Amino acid sequence: MMEGGNGGTPAESTHSQEADMAFNLAILSLTEVVSLGGLLGNGVVLWLLGRHVYRNPFSIYLLDVACADLIFLACHMVAVVPDLLPGRLDFPDFVQTALAMLRFFCYIVGLGLLAAISTDQCLDALFPAWYLCRRPRYLTTGVCAFTWALCLLLDLLLSGSCTRVFGEPRRQLCGTLWVVVGALLAVLCCALCGSSLLLLLWLERGPRGPQRPQPRGFPALVLLATLLFLFCGLPFGIYWLSLSLHWHIPPHFYHFSFLTAAVHSASKPAVYFCLGGAHGRGPRDPLRLMLQRALGDEAELGAWREASRHGLVDITA
């Protein structure tokens, strides 16, 4: 009996390893497909927002978010290739470090921008008079520039203290910086969830009347983006913190977080266009109008509708 049990153990172990490898390859292949679709979707969003000037200041936020997601997905696709081809292809340490830090940089930028969007939209809903009259004109541009600069500084500090890019790593400083990163992630998550919750309560219990915006357009987009981050974007941040702070990571969480991160960055364009097409003519509307409607830019959209009634605008243009 002992010999039979010992003889069956290697076979079972081999079968389990093959099953795990097949599962990981399936997850990584799906990650590549989702990332490719996300590259195309975010590229379309960047092209539309860069080509057309919208009156809604939140379009600047979405332009920066799409740029961060595009860079993240491009690095994500490249970083997954060695795991898809184990033993056949391997990048130098410098390339792996650069891809990892660039992905983390774009991840933090995207989270910071989402928190800024949610907070800004919440202020717009709760204090419309202040928002209309007292909001600084270049606040959106300033917030985006500050977010990119702060995240770049943090990423450079992490690269210098935790890797060999700028010399020998400094373990104590590296651990301190990752604690700071964990605190920053917690603050951004709390800001994102708190402002989104206030926005949801305002949509459900706020004053009724003609001056109250309908629960669609950009407020709905913010709420959907928050849910998307909590279910798909947050696991990737938890994985990075667990890896850097030497916490225990479940075996399949590594590849699972890769897939959810790709879904998080790739699904945003689909959310924009689905939300914008839900209140129009659906797929028959141009992508530009779907995106404009998702932004809640009703003023320009109303002008387009008025012009279209007089035959001045071709809907297929």
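Student: Let's start here: what makes Gly112 count as buried or exposed?

Tutor: First, some ground rules: this is a predicted model, where local features need pLDDT of at least 70 and side-chain atom pairs count only at pLDDT 80 or more, while totals for chains, interfaces and linings use all residues. Residues are numbered from 1 along each chain as its sequence is written, and side-chain values use heavy atoms, with hydrogens and water left out. Now the term: buried means under 20% relative accessible area, exposed means over 50%, and partly exposed is in between, using a 1.4 Å probe and protein chains only. Gly112 has 10% relative accessibility, so it counts as buried.

Student: Where is Gly112, and what does it touch?

Tutor: Gly112 is in helix H3. Contact means heavy atoms within 4.5 Å, and, not counting residues up to four places away in sequence, Gly112 touches Thr147 and Leu188. Gly112 and Leu185 are 73 residues apart in sequence, with their C-alpha atoms 8.8 Å apart in space.

Student: What makes a stretch a helix here, and how many helices are there?

Tutor: Helices are DSSP runs of H or I with at least four residues, strands are runs of E with at least two, and the numbering goes from the N terminus. The chain has ten helices and zero strands.

Student: Why are H2 and H3 called roughly antiparallel?

Tutor: Axes are lines fitted to C-alpha atoms, for helices over the stretch in contact, and the angle between N-to-C directions runs from 0 to 180 degrees. Under 35 degrees counts as roughly parallel, over 145 as roughly antiparallel, 65 to 115 as roughly perpendicular, and the rest as oblique. The axes of H2 (residues 58-84) and H3 (residues 93-126) cross at roughly 155 degrees and come within 9 Å. So H2 and H3 are roughly antiparallel.

Student: Which way does H2 cross H3, left-handed or right-handed?

Tutor: A crossing is left-handed if the near helix is turned anticlockwise from the far one by less than a right angle, and right-handed if clockwise. H2 passes H3 in a left-handed crossing. By class, their contact has 18 nonpolar, three polar and four charged residues. Here Ala, Val, Leu, Ile, Met, Phe, Trp, Tyr, Cys and Pro count as nonpolar, Asp, Glu, Lys and Arg as charged, and the others, Gly among them, as polar.

Student: Why are H3 and H7 called roughly antiparallel?

Tutor: H3 and H7 pack at about 150 degrees, with their axes 10 Å apart, so they are roughly antiparallel. The crossing of H3 past H7 is left-handed. Residues making the contact include Leu114 of H3 and Phe229 of H7.

Student: What about H7 and H8: how are they placed?

Tutor: H7 (residues 218-244) packs with H8 at about 165 degrees, their axes 7 Å apart. That makes H7 roughly antiparallel to H8. The crossing of H7 and H8 is left-handed.

Student: How do you know that Cys162 and Cys174 form a disulfide?

Tutor: A disulfide is a pair of cysteine sulfur atoms within 2.5 Å, and the S to S distance between Cys162 and Cys174 is 2.0 Å. The structure holds one disulfide. Cys162 is in helix H5 (residues 139-162) and Cys174 in helix H6 (residues 171-205), twelve residues apart. Both Cys162 and Cys174 are buried.

Student: Why is His264 called buried?

Tutor: His264 has 7% relative accessibility, so it counts as buried. His264 is found in H8 (residues 253-277). Leaving out residues up to four places away in sequence, its contacts include Leu114 and Phe229.

Student: And what makes Asn42 buried?

Tutor: Its relative accessible area is 1%, so Asn42 is buried. Asn42 is found in helix H1 (residues 2-51). Asn42 and Ala266 are 224 residues apart in sequence and 7.3 Å apart in space, C-alpha to C-alpha. Ala266 is also among the residues in contact with Asn42.
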